[in-house]
Amino acid sequence: MGKRISILGSTGSIGTQALEVIEKHGFEVHALAAYRNLDMLEQQVRKYSPKTVCIYCEELYGELKERLSDVPVTVLTGMDGLCEIAADTGADMLLNSVVGMVGLKPTLTAIDAGLPIALANKETLVAGGSLVMKAAEEKGVPILPVDSEHSAIFQCLQGNSRKQLHKIILTASGGPFYGRTREELTQVTAADALKHPNWDMGSKITIDSATLMNKGLEFIEAKWLFDVTPEQIEVVVHRQSVVHSAVEYDDYSVIAQMGVPDMKIPIQYALLYPDRKPCPTGRLSLCEYGQLTFAEPDMETFRCLPLAIEAIRKGGTVPAVMNGANEAAVAAFLQGRIGFLQIAELVEAAMNAVPFKAIASLSDVLEADAAARETVRRMIG
Ligand code: MG
C-alpha cells in the first residue's frame with residue numbers, strides 16, 4: 001500500500017503539484033487543508049477522499065461543512081484545525097506547503113507528534129529555525145526539504161560526509177527584474193512582478209523572487225536545514241534555473257543537482273525519499289539549453305537579500321522580524337499601497353525598530369513577528 005500523505009496548503013501551487021505526484025504513485029491522501037479556496041478544496045475532497053479536511057478561514061467553515069454534508073469527512077477550521085491535522089499520525093507524512101508564518105505552529109505540532117515532514121513552508125524555518133531544528137532533533141523527526149534549492153543541496157549531500165562539506169552554492173534565477181536599476185524599479189507594479197521567467201508559483205513567493213527576498217529566505221532556510229554558518233553559503237545568479245544548487249566539499253569538488261525547472265521533481269523527492277521513480281514532468285536536455293550562465297547577485301539594487309543575510313548573522317528574533325515585516329510589506333505591495341522599492345525599506349525599518357531578543361520559546365517568535373507587522377502598518381499609515 002502507498003504512503004498516506006496529509007497536505008497543508010493543498011490548493012496552492014505546491015499542494016496541487018503534490019497531488020499530481022501522489023496520484024501518479026498511487027499514494028493516499030489522509031487530510032487536506034486550504035486557506036480559503038472552497039471550490040477547489042471541495043473538488044479535492046471529492047476526488048481524493050481524505051479522512052479530514054480543514055478550511056483555515058473560519059468564516060468559510062459553515063459553508064464547507066454544508067457543501068460536504070454528503071461526504072464522510074471530518075471538517076475542521078482555523079489554526080486548531082491545521083494543528084489537528086499536523087498531529088494526526090494516521091498519516092505517514094505531512095506536506096506543509098502553506099505560505100507564511102502561519103505554518104510554524106503546525107510544523108512544531110507535527111514534530112511533537114513524531115510525524116515526518118516534507119517542508120515547503122520556508123517562513124517556518126526563517127522565523128523559528130532554532131526551535132524547529134532543535135525539536136526535530138530531539139524527537140528524531142525527519143524534515144525533508146521541498147524547496148527546489150534545498151532539495152538539490154539535500155540530494156548533493158547523499159552518500160558524502162557532512163563533516164567534509166565546505167560550502168553551499170545557492171542558485172538564484174535573479175527574478176523578473178534582473179539587470180534593472182533602482183531607478184527603473186520605482187515604477188514596477190505587482191502585475192509586472194508576477195511574470196516570473198522560469199517558475200510557476202504563488203503570488204507571495206513570486207514577489208519575494210522579484211525582490212530577491214526569496215533568496216534571502218532560502219539562505220536562512222539553508223543555514224538551519226544543513227547546519228552551516230552564513231559564511232558557508234554563496235548566492236549565485238543562474239538565469240536558466242537548471243542547476244538547482246550545488247555543494248563544495250573540502251577537496252574542492254563541486255556537486256550540483258540539475259533538472260528542468262519544475263517543482264514536481266523536488267516535491268516527489270521529498271515524498272518518495274529515498275526512492276527515485278519517473279516524475280510527471282519533462283526531462284532535461286542540456287543541449288537544448290546550450291549555455292548555462294552564472295553571475296554575482298546585485299545586492300545594491302536588490303536590498304532584501306543583504307538584509308536577510310544580515311538578519312541571520314544577527315540571529316535571535318531578527319530573522320522573524322525581517323520575515324514578518326516582509327510578509328506585511330508584500331501584502332501592501334500586492335494591494336498597490338506601496339511601491340516595489342519600499343518593500344526593502346520597510347523591512348529594514350522594522351529590523352531597526354524592533355529590539356533584538358534571543359529566542360527561548362514560540363512566543364518570542366510570535367511577538368517579534370507581530371511587532372514587525374505593526375511597525376510596517378504604522379509606517380504605511
Ligand atoms: Mg526555491
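On a 1 Å grid over the protein atoms alone, a cavity is taken as a set of points where a 1.4 Å probe fits but cannot get out, while a pocket is an open set with protein on both sides within 12 Å along at least five of seven lines; a residue counts as lining when it has an atom within 4 Å of a point. Grid points are joined across faces, edges and corners, and a volume is the space filled by probe spheres set on the points. By this rule, 2 cavities of 30 Å³ or more turn up. The model is a predicted one, so to speak of local features a pLDDT of at least 70 is needed, side-chain atom pairs count only at pLDDT 80 or more, and totals for chains, interfaces and linings use all residues. Residues are numbered from 1 along each chain as its sequence is written, and side-chain values rest on heavy atoms, with hydrogens and water left out.

The largest cavity comes to about 60 Å³. Its lining consists of Arg-182, Thr-211, Thr-301, Phe-302, Arg-303, Cys-304, Phe-340, Leu-341, Ile-343 and Ala-344. Helix α16 (residues 340-353) provides the largest share of that lining, 4 residues; helices (H or I, at least four residues) and strands (E, at least two) are DSSP runs, numbered from the N terminus. Sorted by class, the lining of the largest cavity has 6 nonpolar, 2 polar and 2 charged residues. Here Ala, Val, Leu, Ile, Met, Phe, Trp, Tyr, Cys and Pro count as nonpolar, Asp, Glu, Lys and Arg as charged, and the others, Gly among them, as polar.

The second largest cavity has a volume of about 50 Å³. Among the residues around it are Ser-148, Ser-151, Gln-155, His-244 and Asp-262. Helix α7 gives the most to this lining, with 3 residues, and α7, β11 (254-258) and α12 (264-272) each supply at least two.

Turning to the open sites, the largest pocket has a volume of about 1100 Å³. It is lined by 49 residues, and Val-98, Val-99, Gly-202, Lys-204 and Ile-205 are the ones nearest its centre. The pocket lies between domain 1 (4-146) and domain 2 (150-263 + 275-313), because both give residues to its lining; the domain bounds come from an automatic or database domain assignment. Elements that each supply at least two lining residues include α1 (13-24), β2 (28-34), α6 (122-139), β8 (165-172) and β10 (243-249). Helix α10 gives the most, with 5 residues. By class, the lining of the largest pocket holds 18 nonpolar, 21 polar and 10 charged residues.

The second largest pocket has a volume of about 430 Å³. Of its 16 lining residues, Met-133, Arg-162, Trp-224, Leu-225 and Phe-226 sit closest to the centre. Two or more residues come from each of α6, β7 (143-145) and α11, with α6 giving the most, 4 residues. Domain 1 and domain 2 each put at least three residues into this lining. Its make-up is 12 nonpolar, no polar and 4 charged residues.

Next comes the metal site. The magnesium ion is coordinated by Asp-147 (OD), Glu-149 (OE) and Glu-218 (OE), at 2.0 to 2.2 Å. Donors are N, O and S atoms within 2.8 Å of the metal (3.2 Å for Na, K and Ca), and since water is not among the atoms, sites may look incomplete. Along the sequence the donor residues follow the spacing D-x1-E-x68-E. Glu-149 in helix α7 (residues 148-157) and Glu-218 in helix α11 (residues 213-226) are 69 residues apart, a pair that links distant parts of the chain. Glu-149 is buried at a relative accessible area of 8%, and Glu-218 is buried at 1%; buried means under 20% relative accessible area, exposed over 50%, and partly exposed in between (1.4 Å probe, protein chains only).

Thr-52 belongs to strand β3 (residues 52-55) and is buried, with a relative accessible area of 6%. Beyond its neighbours within four places in sequence, Thr-52 is in contact (heavy atoms within 4.5 Å) with His-30, Ala-31, Leu-32, Val-73, Thr-74, Leu-76, Ile-85 and Asp-88. Ile-85 is also one of the buried residues of helix α4 (residues 78-86), along with Gly-78, Gly-81, Leu-82, Cys-83 and Ala-86. The cover over these buried residues of α4 includes β1 (4-8), β2, β3, β4 (74-77), β5 (93-96) and α5 (104-113).
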